[in-house]
Amino acid sequence: MKRIIQLTINDKEYEVAVEPNQTLTDMLRYELGLTGTKKGCEVGDCGSCTVIMDGIPVNSCLVLAMQANGRKITTIEGLETEKGMHPIQKAFVEKGAIQCGFCTPGMILSSKSLLDKNPNPTEEEIRAGISGNLCRCTGYQKIVDAVKSVGK
Amino acid sequence: MSKKEIYAVKGLSVPETPASAQEPKPWKQTQMVGKGIPRVDAYERVSGTAVYPSDVLLPDMIYGAVLRCPHPHAQVKKVDVEAASKMPGVRAVITGDTPEARVEWTYSKEARSSLFDPHCRFEGEPVAAVAAETPYQAEDALRAIRVEYDVLPFVVDERDALKENAPSVHGAGNVLKTEKYERGQVDRGFREADVVLEENYRTECQLHTPMELHGCVAKWDGDRLTLWESTQGVYAVQAEVAEVLKLPLSKVRVVGHYMGGGFGSKLKAGKYTVIAALLAKKSARPVKLFLTREETYLAVGNRPPNNMRLKAGVKKDGTLTALDFSCTGTGGAYPSGGTSLVDWLVRDLYKCPNVRTECTDIAIHTGPARPFRAPGHPQGAWVLEQMMDALAEAIKMDPVELRLKNIPNFSQGKEGNPPYSSTGLKQCLEEGAKAFQWKVARSKALAPGETGRIKRGVGMASCLWVVGGGWPPSTVILKLFPDGSLNLNMGASDIGTGTKTVMALVAAEELGIPLGKIEIEHADTGTTQYATPSGGSKTVPTEAPTVRAAAISVKQQLLEMASKELKLDAASLVFQEGSIAPAKDPSKSVKITDLSELKKRGVVVGIGYRGPNPENKAIIPFAAQFCEVEVNTKTGEVKILRFVSTNDSGRVMDRLTYDSQVIGGITMGIGLAMTEYRVLDRDQTGRMLNRNWHDYKLPTALDVPLEMTSLPVDREDSQANSVGAKGLGEPVTIPTAPAIANAVYNATGIRITETPISPERLCRLLAEKRKEG
Ligand code: FES
Ligand code: FES
């Protein structure tokens, strides 16, 4: 049976009716149409479904929607402001840290939560920070460069 | 930088306009092409607003799922869907007994099958499918389907498949075909050699695993079908679906737009495409059907495993005298190129008069292969490039030197031995060695007295890719509006390589229009022009000259309009920054946006067609890669420290996307060399054991070197086509694995002839070597 949960997504309050077995990924994508959060495996291997929950990056495919009750979620759709793209998004654009772009939202959110905690990460720290996000296209180097350029 | 600043380009002048029927000259100087300009669709990709096929949400849409055979070989006796059909939310169930689903399916020309073939020849063959209101309900319904199987004996390793009494895949023996090639006199060649070496090699089966899953959304409007499919080629999907469902092409619209990677596994439709269409028809609802990650490991292709042997002869001065290569391989249960192009580098990369190859493709009970980035080449390179390294050592020559000695200027492997339109192999080797500081690095690694447990080594390898010139057909339409903005309409998919960006740059270059004013329609059979699938490193050399031709047509029409307006001969007019003026009197210019005929007509439509390639020329990209590794001789761990890749792919069209391709290609090659391989339960169950990214390991950000350098040999190939570019996507991944193996050899003296270079394997070989002393 569906239950109503309340949560904050990208600074907006939501009330959503969810099935007890629905994942946070599916809730975001199907119930709210926030398809910037991607699905690559649904078993926690790839990080394409990464969102930030109460300041911590999580694989949203491993979180039940119910568990997000009362939490604060940031998805890729929440990064842009009236001032434009988030500096990490801009860096990804300028450094060419994108190919197919399917891993990109997850990469950006993992990078953001790293930079929020550690504004000047070393290359090793950046690599460790995004090591839960797989990318089959780019070879990571430009992603690391992009994050580094924001860190400075 | 704001978006506006990135995209605004001021004061563009445009290249000369050829008269109609005249070939355009190569660009002298470029303003847009070849720079590092960010992707035109970068914003969409970083903001989450790009809609991939798996993101498509339609009102009333329901979800499909496929039940797959859990055995490598079985006969379906009975499928009972009664319980499943009554489950909550279920709207359609189809099986091989459903009349509409009794359609033919061709895995390959040689082997016809059906959509739900009761004779399942691999684990993962579809047996039934459902559509339900939610993905969870669809999943539940699958579990309620009861299937009775006759489980049959299987063979899932091609090395077992030729044994006597091996279970047969298609009724007779398991050899699908043997292909032979020979030139010169191989035996005499070996007699002329000073050194002859012989070695066996093997590469394991690699899986594509693009980040976006395979699948589509299917929707019917009356008898018209629309598919949003994650694909490299919308027209290929259209043709296949129309044929299977016996529909006119015009009734099948395939929309691609964004897609999350394919690497060859999404060149065609899948059974899932047709199943989605059938479920949508039956339920009268749009159906989204995307495979699970697990299913993609079984049923949507792979790079075949290959067992290879090479015997090679060389003279003391480095002249190759003979190459004798043989291999077996398997494309799985249906003929799908288990050995295709594996011998190509042996035939074509180095000068050698006497060459013999023999390739035997074998059937086994596993999912059919699909082309995987540079089919056959990384496997062949694994053999040839390690052998070149060994030959160089045997004749005491530097491996780079040995390769430089054997550079051909024509294709020895192709019919009629056509000359290369350009060959930058020499530059790749020389410039790469220089940038890598090959000599210094090698002498350091070779220096005696390294007694520590960590050993350093360097290695290199080179390659070519069999086709890099693109080819017809392709049509591109450009529409220039009276306000000076442009619409670029092409059928090609941008699979992540930057196709849209490169094409926009070509249009901008030729027409002097800033990128911000160019909009692209692409990858839609309903609204865009015919194109072959994006793959095989052919998209840029196919589409870019087509865009240029369309742009030139637009310019010619504008000159005609201006000629009427200025009452001057069109041939006397030239473009200058958004205006047209007499060449002799620039002050009498008319702004393009002021042309009255343009305003009246509302648009100028320029159509470009891809012309033929030059006759009797081989248009081939080349590359060389250099790497340095650190081997822990106690644990067998290999750390890759740095890579330098030099590529001759003709003109660099966009530096940012170019470098990204190179680094991504190296990374995929690192996967093949180090961690990626399919594990099958060869004896007990025949099932795949590592069908997820946890057990099948892709390189992560921590597994690739901190330093990867892309160094283009940026020389336009003016014979190849009007933009001077050759393909890039495949050569970037071909030499990687053997370069690493050569570096490991350099560090340890151990020749690793089988992938992956895992710590277990290396440890075992190190221990054996210590025992031998
Ligand atoms: S989809 Fe969640 S980790 Fe892959
Ligand atoms: S850009 Fe394609 S997976 Fe990362």
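Is B:K271 buried or exposed?

A: B:K271 is buried, because its relative accessible area is 6%. Buried means under 20%, exposed means over 50%, and partly exposed lies in between (1.4 Å probe, protein chains only).

A word on the basis comes next. This is a predicted model, in which local features need pLDDT of at least 70 and side-chain atom pairs count only at pLDDT 80 or more, while totals for chains, interfaces and linings use all residues. Residues are numbered from 1 along each chain as its sequence is written, chains are lettered from A and ligands numbered from 1 in the order in which they are written, and side-chain values use heavy atoms, with hydrogens and water left out.

Now back to the residue. B:K271 sits in helix 8 of chain B, which covers residues 271–283. Helices (H or I, at least four residues) and strands (E, at least two) are DSSP runs, numbered from the N terminus.

What surrounds the side chain? B:K271 makes a polar contact of 2.8 Å with the side chain of B:E125. Another, of 3.2 Å, joins B:K271 to the side chain of B:Y107. A polar contact is a pair of N or O atoms within 3.5 Å; within protein, one must be able to donate a hydrogen and the other to accept it, and residues adjacent in sequence count only if both atoms are side-chain atoms. Leaving out residues up to four places away in sequence, B:K271 also touches B:W105, B:S113, B:S114, B:L115 and B:P126, among others. Touching, or contact, means heavy atoms within 4.5 Å.

Some salt bridges of chain B are worth a look too. A salt bridge is a side-chain nitrogen of Lys or Arg within 4 Å of a carboxyl oxygen of Asp or Glu. Side chains of opposite charge can pair when their charged atoms come close. B:E104 pairs with B:R112, with closest N and O atoms 3.0 Å apart. B:E104 is partly exposed, at 45% relative accessibility. B:R112 is exposed, at 55%.

B:E123 forms a salt bridge with B:R687, at 2.9 Å between the closest N and O atoms. These partners are 564 residues apart: B:R687 is in the loop between helix 18 and strand 28 of chain B, and B:E123 is in the loop between strand 6 (119–120) and strand 7 (126–132). B:E123 is buried at 5% relative accessibility, whereas B:R687 is partly exposed at 31%.

Salt bridges also cross between chains. Three join chain B and chain A. One of them pairs B:D55 with A:R29, with the closest N and O atoms 2.8 Å apart. The whole structure holds 57 salt bridges over all chains.

For contrast, take B:M490. It lies in strand 20 of chain B, residues 486–490. B:M490 counts as buried because its relative accessibility is 0%. Outside four places in sequence, B:M490 is in contact with residues including B:V476, B:T499, B:M503, B:I520 and B:H522.

To sum up, B:K271 is a buried residue with polar contacts to B:Y107 and B:E125.
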